[in-house]
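I opened this model to look up its cores, its ring pairs and a few backbone angles. My entries are below.

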Amino acid sequence: MKKNSWKVYTLAVLLAGLAAGASAQSPNGWRGPTHDGIYPETGLLKQWPTAGPEKLWETLDAGKGYSSPVIVGDRIYLTGMNEDETKEIFSAYSLDGKKIYSVVYGTPWEKSYPETRTTPTIDGDKAYVISGSGEIVCLNTADGKIVWSVNGGVDFARKTGNWGTSECPLVYDNKVIYTPSGDQTTMVALDKETGAVIWKSEPLGDSGAYISPILISYKGKRQIIGGTGQSYIGVDPETGHIQWRFTDWGRDGKPGGGIAPNSPLFKDGRVFFCQGYNINSVMLQLADDLNSVSLVWRNTDLDTHHGGYVLVDGTIYGSNWINNNQGRWVAVDWETGETKYDTDWGSGRSKGSIIAADGMLYIYDERRGAVGLVKPDPAKFDVVSTFRVTKGEGPHWAHPVIKDGVLYLRHGNAFMAYKVK
């Protein structure tokens with residue numbers, strides 16, 4: 001390679017590295033550092049004792065909620081409701097489960113299922129949350145003091161479905177993203193230091209969904225991928241312009257139902273979306289210019305209610321919806337959409353949430369609180385170990401989290417830590 005050519009090559013590599021770093025969303029938030037339910041842990045147990053892994057601690061002071069914890073440094077951050085269930089609170093815990101502080105930051109959804117939903121996003125020394133009533137709030141992690149608060153539900157005329165706002169903040173560059181939907185705008189970006197509006201996307205008139213959007217990079221460009229109750233969308237992260245919109249549900253012209261709750265998966269230009277109530281899961285191909293998508297395949301077996309899904313070695317794993325109390329566990333081929341298995345867990349266990357770490361799946365039954373360690377095998381539903389969470393109340397809807405060899409589980413006001421390494 002000639003001397004000048006080498007300089008050009010070196011500069012290109014450097015710029016590519018800087019661009020890749022700039023494209024990253026905050027790694028401390030919803031469903032792990034890559035926001036896809038995959039936790040970068042190693043050395044975890046491949047089988048648990050009969051009674052389950054060692055419980056390190058538990059506390060019953062988390063407040064009611066369905067949100068998950070976020071662990072950064074020597075602290076754990078979690079949202080919940082206060083004692084009289086009129087406000088949402090942000091709490092910090094030590095790694096041994098001792099509460100350091102709790103502060104009120106917002107108002108819950110006032111109707112069906114008011115429990116707190118927002119998993120915090122931690123960015124530097126700030127935390128970002130979105131209340132059930134649509135307040136976007138920035139707090140100092142040191143002491144929980146509110147830095148700024150924007151009443152997004154009112155200011156952006158949000159248009160909700162039956163369960164209010166259920167969104168975890170997407171934080172990247174200097175922006176915090178919120179999806180109010182409605183007739184004024186669809187998605188907004190706020191300055192993460194001040195809460196000032198940076199951009200507002202065009203309105204679609206849709207009601208809101210319950211999707212936490214993600215930031216992706218493809219062909220040297222970035223895009224926010226999220227959704228409303230009636231549409232999946234791709235949004236320019238610099239301007240807020242909606243670059244594509246997908247509404248072809250394959251339901252004989254019927255709309256999507258307004259209940260989409262799961263963040264998409266993205267890999268190599270493909271986008272996977274899935275929602276419950278017998279609505280198809282779809283695989284979309286993103287165009288090279290990011291201005292359109294095309295349908296690759298549909299699958300009618302995997303219609304995840306709100307437990308998420310993971311991609312492991314070319315297979316999508318998750319649970320489906322039979323009714324609000326029942327569901328099976330499903331594996332689907334990423335490339336073809338072929339269903340590999342569709343299986344009952346058995347013994348009264350149902351659908352639930354799922355994450356993956358160190359070559360294993362971790363599943364959490366929403367009905368009875370069973371926790372399973374599963375070997376990811378597209379040929380069979382292979383549960384290696386199980387135990388059960390008995391503390392707390394309400395549905396087991398909080399997604400598990402793993403950090404530094406510790407499995408964190410939440411059931412309403414109960415919050416627990418287990419040693420899995």
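The notes go from the ground rules to the cores, then the rings, then the backbone.

**Ground rules.** I am reading a predicted model, where local features need pLDDT of at least 70, side-chain atom pairs count only at pLDDT 80 or more, and totals for chains, interfaces and linings use all residues. Residues are numbered from 1 along each chain as its sequence is written, and side-chain values use heavy atoms, with hydrogens and water left out.

**Cores.** I looked for nonpolar cores, meaning sets of buried Ala, Val, Leu, Ile, Met, Phe, Trp, Tyr and Cys residues joined through side-chain atoms within 4.5 Å. Buried means under 20% relative accessible area, exposed over 50%, partly exposed in between (1.4 Å probe, protein chains only). The largest core has 30 residues, and Tyr362 and Tyr408 touch the most other members. Strands that give two or more residues to this core include β4 (75-81), β28 (360-365) and β32 (406-411). I took strands as DSSP runs (E, at least two residues), numbered from the N terminus. The largest share, 5 residues, comes from β33.

I then listed the contacts of Tyr408 (heavy atoms within 4.5 Å). Leaving out residues up to four places away in sequence, Tyr408 touches, among others, Trp57, Pro69, Leu95 and Phe415. A second, separate core holds 20 residues, including Ile211 and Ile259.

**Rings.** I paired rings of Phe, Tyr and Trp (its six-membered ring) if their centres lie within 6.5 Å; planes under 30 degrees apart are stacked, over 60 edge-to-face, and the rest tilted. The count comes to 25 aromatic pairs. Phe90 and Tyr101 form a tilted pair, 6.3 Å centre to centre with 40° between the planes. Phe90 sits in strand β5 and Tyr101 in strand β6, 11 residues apart. Phe90 counts as buried because its relative accessibility is 0%. Tyr101, at 11%, counts as buried too.

Tyr341 and Phe381 form a tilted pair at 6.0 Å, with 50° between the planes. Tyr341 is in strand β26, Phe381 in the loop between β29 and β30, 40 residues apart. Both are buried.

**Backbone.** Ser181 has phi near 60°, in the loop between β12 and β13. Ser181 counts as buried because its relative accessibility is 1%. Leu290 has phi near 65° and lies in the loop between β21 and β22. Leu290 is buried as well, at 1%.

Technical notes:
Helices (H or I, at least four residues) and strands (E, at least two) are DSSP runs, numbered from the N terminus.
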